[in-house]
Structures are given as structure tokens and as C-alpha cells.
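Dear colleague,

I am handing over the structure below, together with some notes on what was found in it. Please look it over first and then read on.

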Amino acid sequence: METDLNSQDRKDLDKFIKFFALKTVQVIVQARLGEKICTRSSSSPTGSDWFNLAIKDIPEVTHEAKKALSGQLPAVGRSMCVEISLKTSEGDSMELEIWCLEMNEKCDKEIKVSYTVYNRLSLLLKSLLAITRVTPAYRLSRKQGHEYVILYRIYFGEVQLNGLGEGFQTVRVGTVATPVGTITLSCAYRINLAFMSTRQFERTPPIMGIIIDHFVDRPYPSSSPMHPCSYRTGEDAGVTYPSVEDSQEVCTTSFSTSPPSQLSSSRLSCQPAGLGLGSADLAYPVVFTAGLNATHPHQLMVPGKEGGTPLAPNQPAHGAQADQERLATHTPSDGTHCAVTPSSSEDTETVSNSSEGRASPHDVLETIFVRKVGAFVNKPVNQVTLTSLDIPFAMFAPKNLELEDADPMVNPPDSPETTSPLHGSLHSDGSSGGSSGNTHDDFVMIDFKPAFSKDDILPMDLGTFYREFQNPPQLSSLSIDIGAQSMAEDLDSLPEKLAVHEKNVREFDAFVETLQ
Amino acid sequence: MNCRSEVLEVSVEGRQVEEAMLAVLHTVLLHRSTGKFHYKKEGTYSIGTVGIQDVDCDFIDFTYVRVSSEELDRALRKVVGEFKDALRNSGGDGLGQISLEFYQKKKSRWPFSDECIPWEVWTVKVHVVALATEQERQICREKVGEKLCEKIINIVEVMNRHEYLPKMPTQSEVDNVFDTSLRDVQPYLYKISFQITDALGTSVTTTMRRLIKDTLAL
């Protein structure tokens, strides 16, 4: 029995280890894509399925793995590591797992390379398939989406477990002894997901334009954090689900396994400005601010049915953001409130953001409320005065009342009254008495029978008392008749009164002295 | 040669029995299945490709990987379904166990039939619990998912000890080692049996199901 490996066996072993490393990376990354994996069995050998397992090869993953390996193989002190991390839409990131393919010095010289080692490597890959579904990161990766994405990074060299937090746990997938050393595959995973628990269920919408899908790989493990790679515009805006191969164009080493809605959103962020918004837009019943710049183009989806000119290119914005937009423009149904969807909160933020860099007047950036008459509303909306409106974001309510009157949406055409009391109340000059008289005409006179009273026998009983004191006479001091003078006449009589008082100044002084 | 025996225990709700059993059995069979052998001349053979697929559980927060073989899945589901029914019909505490036994056939001379020699037995002991509220069921979903994760890790640990495995057979011997009846994959010869225990721990009913091509003559 030869103690040293013959050249053919050595070549085979190196090949097995190399392809095992590549397949390991494929299994790990595919397990974190967020989808269920399904490959078909084939009774006839295809010749291209390493280790007799149908594991697809994602080209860019293979490319990155080869790049990380740089023609080397895992050896003692040189481990191949796949780091799985999580990145939230707010930019926070956290390492979840480190998968390590290591080699130690313990050799088994007698083991057969082409048979035993190969079969055991196949078994180890099956174990890896099972274990990748069992660590906590799997369930996280299945739920990735708008709030967070899962990223991977491959590096070669020393294993770095610092980013996993305290108390991380390790699971050993398996070992395979070979004549040149023992291959060990293991996973160290974070158990302290406290960071996730506080943020995962926050209902803050992602800030558009900052969602990062793709990252470049760090050339060295200790180098700077991941950063987004250049994103190519000019892609077909109507892309549905980019297959994994398509993302080759835009990702380098570490790529996010995010769903297509985020890809579309970040694509929108590259749209050029040039929307030419001005005060003319105020005439359109847009729900959101008309002064936004192009960094938030998704917010300028104006529904065509309201007669507004589309202010933004008709981008098919996928995802929940666009749905929120559309939802907001088609509500409210009660006629008094408007845009109380989460988009509104985002809207106020963007108002403050966009107002910083713009020279447009402040009122241009204010929200205009669309008053619609909702279904089953008994009271016409025009009876609601401005003061009685309990509307959210009231500070953004238009201050310019003339604008409101000119707005056709404020006075719906289906209102029964032609002249709106809204107008009347706003332009009234002491017509309060008239309005109260009108209210009296609406009453119907009925017999007044006060509670707890007997029949009206005595001249003075409860009912009589009520009637007499129901309309008490006005106070004399408040009576206009006595003082029928206008203010001008009062002013004229003032000098005479002053003269009288000056005559009596000695009496006044004496009075003051008595007080002291 | 001694038969290797591994025992796993799980406590599940009634509706989780099937999925929990399938998860364990499929994980074991994933490791104990290979591609179809195609023998060539001169004693060499090539091996087909085994596909894999993820299965999400409906009643447990868990996903397991199984071999892409509908025939194998059907066979397992059939026996696990019978086990579940037997558990339900037994009443009592709901204690049972299901065993997956890998064996080799050893040819004997006539009139003796072939001998089945087990080399690995996986036993899953099941305790069925009854839950009253939906909240308890939700907690149970998660807990059983975590427990199954531990079981999978246990299974993988055993598998990677690389202990005894039957030698790769020649073409004439392949049916003594592998189940060649399936179209797309080739697991080692196996059989699944289960039994329901009563509160005393004794075996009240024993049900045997054989999933092998040949039957015992004696």
C-alpha cells in the first residue's frame, strides 16, 4: 500500500476538494435566497452533477467563489468562509452566520480517494443541505423583503467570528478524512438577534432611494464595510422577477437575495429630475406635495381620473410603496379626513427634506386636501366649516382661503345649496343675527309641557315661568338702542367728558388721598 | 456486525404527527439514498443524480429537505398516515413509535429464505399532546420546529460518523443492498414499522408493513 498519494489520486483529490468547495457555496447561498429549492432527480447520469447531487450552479456565485479561492484550495490555516449577513432597509447590518470549510492536518492515508472520499463528500453535501434549513438564518431569509435583505460574502483565510455577537453557537455539519488532511464543514451562527427584534416589526416604511440591493465584496476580510455597487439603468422597467442569472450584471461578490420590488424601487431612484413643478400644479387635486424633487419620483403618481396631468413619468412602481400611493389617492371615504395612510407620514418627512434645498415658497409645499363627498354621507361636506374640521396635519391646511374657494373640489357640484354657507360664514359682516333668525324659522311650535309640572291653574307655575324667562330682555348696557351712537360720535363726545373730569380733579385727588 | 440503533423522541400535537415523522424519515433517507446505478462492463458502474427539494410544514414552523422522488414520498406518506391513524384510534395518552430499519439481504440456500440483517435502525418515539387554546398551539408550532431542528442536527451528526455502510455491491448483488424498485433514486433497502404503546408501556398492537420487493416465505 502506497503511503504517498499517487499523482492521479492527488489530482482527483484536488479536483474533488475544489468542486466540493464550489458546491458548498452554492448550497449555502441558495439556501438563503428566500425561496424553496427544487431540483429533479435523474436516473441517467448526466456527467455534470458533481457528487451525484442535482445542485444548480448560479454563475455569479461560482464566479465569486472562484475569485475568493484564487486558484487555491482550503488548507491548514486557509479556510474558505461564507458569511451570511442581514441588512435592513435603514442601512443597519448584522452578521448572522459564518460557514467554514476548513482543513486540518489529520490525514487518513489508507482511504480511497476516488470512491470513499467522493461518496463521503457527497454525504457531507447532503448534510449541508439539511443543516442550512435548520439554523435561525433560514427562517429569516424566507421572510426577507422590504424590511431587510440577506447578503453573502466569500472570503479565504482566517475565520472571523467577531461579528456574530456574544454567545454564538456552532454546529458541525461533518468531516471527511482524506490522505492530505481532514475536511471539516461547520457553521457558527448568531443567537442574539436582539437588534432584529426591535427593528424587525417597526412599521416605518423604507426610505426610497436608499434601499441597497447589491454590494461589492471586500477584497480582504478586514477592509471597509460593504457598499452598493453601480446599478445599471436602462433596464426594462417592466421586469417581473429577475432570475438569479440576471443579477449578474449588477452584482459583484456579495449580492442581495431581495425580491424584485426593491430592485424596481432602486431603479426609480436613478430617474432624472425635470418634472417642472410649479404653482400651476396647485390647481390639481393632488394629495401629496407638489414640490417634491426627483429623488422621490414614486410619490408623484397622480391618478388620472381626477383630471390631473401626470407629473412623473409613468413608472410601473412595483411593491408596497406604490400601492400605498395609490391607496392614499383613492381614499378618503368620509370626506373630512385625507391621506391618513402611512404614506402621509413619509410625505411629511419628504416635505421637510425637500424644503431644504428648494427655493420655492413654503405654501407651494403645503398639502392640499381633497374634499370629496363620500358615500352615505348625510350632511353635505360644505356645511363643515374650517374651524370644525378635525383633520390630521392641520398645520399643513391651506392658509389661503381664496384658493380654497376657487378650488372646485371644495364645493362639490352635487351640493344641494348653491351658495355655500362656508362662503357666507367666511365673508359675513355682523350677519349673525340673521343666521339665528333663520334657525328659528326652522322650528315647529308645539305645546310646551314642562316636566314635573301640574296643570296650569295658578297664574304662576313652571310652564309660565319657563315662557317668561325663555327670552329674557337684553341687558341695558348691551342694548344698542340706548347707545345708538356710533363709535365716531363717542369719539367726538370724549373731549367734553375730559373737560368735566378736569374740573373735578380736586375731588379725585382727595379721594385718592383717602385711599392711601 | 452490530446493528446501529438511534432513538429520537418528539412531543407533538396530533396534527403535527405526520409532518414531524416525514421530516425525520426524509432526512434520514436523504442521507441513505443514492442515484440509480448503471452497471457497465468490467464491473464498473455509474450513478444517477439525486434531486432535492424543500418542503414547508403547514403545522410546524419548519422546512426540511427531501429527495426529489414522488414514489419515495408516497411510500413514506402512506405508512406515516397509517401510523397517525393508529395513534388517533388508540386513545389513551397517544404514545407510539415508528422505526426505519436499513437492512441487507443475505442469500440463503434453499429451502431457507433470505435473511434480513439490519445494519441501522432509526426509532422515533412520539408523544401526542392535546392542546386547548390557539395560543398554546402557536407556541407548540414554534417549539416543535425548534425541536425538529435539534433532531436534524442529531441525525446529521450520526450520519457523519461514517460508521458501517454496506459495501458497494456488484450487479448481481445490488438488490441485496439497495431498493432498486424506484425509478429515480436508489435508497438502501429499508422497511418501516410502527407500534402503539398504551399507558403501561407494553405493546398493545403491533403493525408491520413491508415495503420490500420480496416477501418472507416462512
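**Aromatic pairs**

A:Phe16 and A:Trp50 are both buried, where buried means under 20% relative accessible area, exposed over 50% and partly exposed in between, with a 1.4 Å probe and protein chains only. Please keep in mind that this is a predicted model, in which local features need pLDDT of at least 70 and side-chain atom pairs count only at pLDDT 80 or more, while totals for chains, interfaces and linings use all residues. Residues are numbered from 1 along each chain as its sequence is written, chains are lettered from A and ligands numbered from 1 in the order in which they are written, and side-chain values use heavy atoms, with hydrogens and water left out.

Rings of Phe, Tyr and Trp (for Trp, the six-membered ring) pair if their centres lie within 6.5 Å, and planes under 30 degrees apart count as stacked, over 60 as edge-to-face and the rest as tilted. By this rule there are 16 aromatic pairs over all chains. The ring centres of A:Phe16 and A:Trp50 are 6.1 Å apart and the planes stand at 70 degrees, so this pair is edge-to-face. Because A:Phe16 lies in helix α1 of chain A and A:Trp50 in the loop between α1 and α2 of chain A, the pair ties together parts that are 34 residues apart in sequence; helices (H or I, at least four residues) and strands (E, at least two) are DSSP runs, numbered from the N terminus.

In chain B, the rings of B:Phe178 and B:Tyr188 have centres 4.5 Å apart and planes at 20 degrees, so they are stacked, and both residues are buried. These two belong to one aromatic cluster, whose members also include B:Phe37, B:Tyr39 and B:Trp119.

**The sheet of chain A**

Five strands of chain A form an open sheet in the order β3-β1-β2-β5-β4, with antiparallel pairing, where two strands pair if DSSP finds at least two bridges between them. The edge strands, each pairing on one side only, are β3 (148-157) and β4 (169-178) of chain A. Strand β1 (residues 79-88) of chain A is joined to β3(A) by 10 bridges, and A:Val82 has A:Ile154 as its bridge partner in β3(A).

A:Glu102 is found in strand β2 (residues 93-104) of chain A, and it counts as partly exposed because its relative accessibility is 27%. Among the residues that A:Glu102 touches, not counting those up to four places away in sequence, are A:Ser79 and A:Thr182, contact meaning heavy atoms within 4.5 Å.
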